[in-house]
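Here's a quick tour for anyone meeting this structure for the first time. Take a look, then read on.

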2 protein chains.
Amino acid sequence: MKELNELILESYSDLTDSRLETLLEGREKPVQELTDAMRYSTMIGGKRIRPVLVLEFCRVCGGDPDHALDLACALEMIHTSSLIHDDLPCMDDDDMRRGKPSCHKEFGETTALLAGDALEAYAFEVAAGADLPAEATVKALRLLAAATGPYGMLGGQVMDIANESADDVSLQRLQATHQKKTGALIRAACELGCIAAGAEEKQLEAARDYGAALGMAFQIRDDILDVTGNELLLGKPVGSDAEEEKTTYVTLLGLEEAEKRAKDYTGQAYEALAAFAETDFLKDLTEMLLTREK
Amino acid sequence: MKELNELILESYSDLTDSRLETLLEGREKPVQELTDAMRYSTMIGGKRIRPVLVLEFCRVCGGDPDHALDLACALEMIHTSSLIHDDLPCMDDDDMRRGKPSCHKEFGETTALLAGDALEAYAFEVAAGADLPAEATVKALRLLAAATGPYGMLGGQVMDIANESADDVSLQRLQATHQKKTGALIRAACELGCIAAGAEEKQLEAARDYGAALGMAFQIRDDILDVTGNELLLGKPVGSDAEEEKTTYVTLLGLEEAEKRAKDYTGQAYEALAAFAETDFLKDLTEMLLTREK
């Protein structure tokens with residue numbers, strides 16, 4: 001990755017962090033435990049991939065990324081909300097997240113449950129307050145909610161859990177699961193940026209195609225890293241998929257074929273970018289996500 | 001309560017149920033367990049007080065209740081979402097809800113957790129699709145999200161939980177808790193109806209005042225029924241507050257004074273209705289909620 005693009009990535013990520021800090025400043029003493037938990041899990045780190053995609057797709061559609069910032073933060077809060085609930089004892093029961101205690105380990109189970117709920121609601125409040133024409137805001141909100149709900153990310157989580165106890169998970173089923181579980185928010189990120197810029201339908205479609213291909217490549221990379229990754233870099237245990245006898249792209253396809261598929265999807269992602277001008281940064285970002293070690 | 005108003009109440013409630021049935025028809029086989037759980041808990045019954053308030057406030061502001069219907073359904077889904085999570089083992093650990101197994105008893109804990117999350121997201125999707133001018137939709141969504149989030153209902157839940165382990169809960173603290181926990185959505189219901197009708201700020205304020213007073217009266221009545229109610233009518237055990245040594249309006253004020261306060265708030269609710277025409281139904285509804293046995 002070139003140095004200039006690293007700087008752009010950093011500046012988008014800093015812009016997001018700074019806005020999230022402001023948005024998540026607790027405003028009322030009696031609910032401080034709740035707002036502390038919301039902020040803790042949101043600010044614990046993470047790659048901010050989704051916000052970066054929102055901001056950059058806004059820019060490549062000719063919009064001002066500042067106008068997309070609250071949509072970017074809303075999306076990141078919804079993502080965080082799902083991670084908080086994912087870590088709960090009745091779900092994955094994970095004590096650690098990004099190298100730190102998970103929300104329920106730090107704040108207790110009830111507060112973590114409610115912090116996830118509250119982050120989800122607050123995300124929609126923030127998105128509804130975005131500095132955009134009302135029509136664009138409504139369109140963004142429908143998309144954001146659909147990407148989150150039963151036919152989006154949350155549906156994918158239910159499918160993922162069902163897969164765990166299934167005797168046999170086909171490649172088709174695994175793909176359908178990830179297209180919802182991780183793919184829905186990544187596709188939404190790209191589309192939200194376009195909506196904030198007031199882009200035409202053709203660009204929205206290309207952004208969706210890019211997001212779909214990137215999401216698949218991203219997930220396959222995740223599965224590969226669970227086998228080949230470095231625990232210190234990842235900030236989480238390696239080999240947990242195998243231990244849980246989870247079906248992944250690696251168990252279904254083997255390491256080599258999984259690597260090949262990830263590269264294929266990356267190629268599809270590059271192709272979709274043809275609908276936009278000035279895509280150097282997006283191309284480098286795509287490359288970086290494919291070759292990442294954490 | 002007069003017979004005509006009973007019919008109006010029934011027709012609003014039927015309208016809501018019918019729309020909720022349509023909205024909650026599962027659209028995708030792979031996520032059917034999730035959509036089944038969402039529908040189960042939403043259609044299990046309940047008084048539909050919040051949707052009725054949305055629809056009637058729209059009417060008394062001169063609007064067509066049909067245009068407020070999706071906002072009414074969205075609000076009811078958010079309410080249901082909170083009940084599903086409330087019943088979870090890490091919260092109140094309730095096996096029964098409205099005389100039937102609670103969501104996690106019927107579908108398991110992970111599905112119940114995700115069904116609550118998905119209902120919340122889906123509520124915002126439905127609200128964003130309301131048949132209203134974009135400006136009104138954005139205003140409604142901001143209000144709905146704020147009423148749900150950390151400074152609304154969910155903040156109230158955290159305060160309520162903190163109250164349980166506190167040595168001493170003042171009347172002021174109890175009121176602040178309920179103004180968020182149950183009051184926020186009831187106030188929002190009244191305001192959403194006005195927004196759907198395109199009402200002026202003055203009527204919005206009056207609707208908020210009415211909702212605030214009604215919410216307090218409603219909560220005090222809840223506390224009273226937990227002492228004096230009939231288990232069969234309520235569909236839940238009586239005396240649970242005392243068993244859990246919970247601070248309520250009854251423990252702080254005694255039965256007689258609690259009844260008096262409920263009447264005072266009802267008076268305030270009546271007064272707020274002066275800003276609207278044709279309030280016979282709202283007056284009867286207020287009276288019914290104060291004297292209800294379930």
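## Ground rules

Helices here are DSSP runs of H or I, at least four residues long, and strands are runs of E, at least two, numbered from the N terminus. This is a predicted model, with local features needing pLDDT of at least 70 and side-chain atom pairs pLDDT 80 or more, while totals for chains, interfaces and linings use all residues. Residues are numbered from 1 along each chain as its sequence is written, chains are lettered from A in the order in which they are written, and side-chain values leave out hydrogens and water.

## One alanine in chain A

A:Ala269 sits in helix α14 (residues 249-272) of chain A. With 0% relative accessibility, A:Ala269 counts as buried (under 20% relative accessible area, with exposed over 50% and partly exposed in between, using a 1.4 Å probe and protein chains only). Beyond its neighbours within four places in sequence, A:Ala269 is in contact (heavy atoms within 4.5 Å) with A:Tyr210, A:Ala213, A:Leu214 and A:Thr286.

## Where the chains meet

Chain B and chain A each put 47 residues into their contact. About 4100 Å² is buried between them, 73% of it from carbon and sulfur atoms; that's the accessible area (1.4 Å probe) the two parts lose on being put together, summed over both.

There are 2 salt bridges between the chains, meaning a side-chain nitrogen of Lys or Arg within 4 Å of a carboxyl oxygen of Asp or Glu. A:Lys180 and B:Glu28 form a salt bridge at 2.6 Å, N to O.
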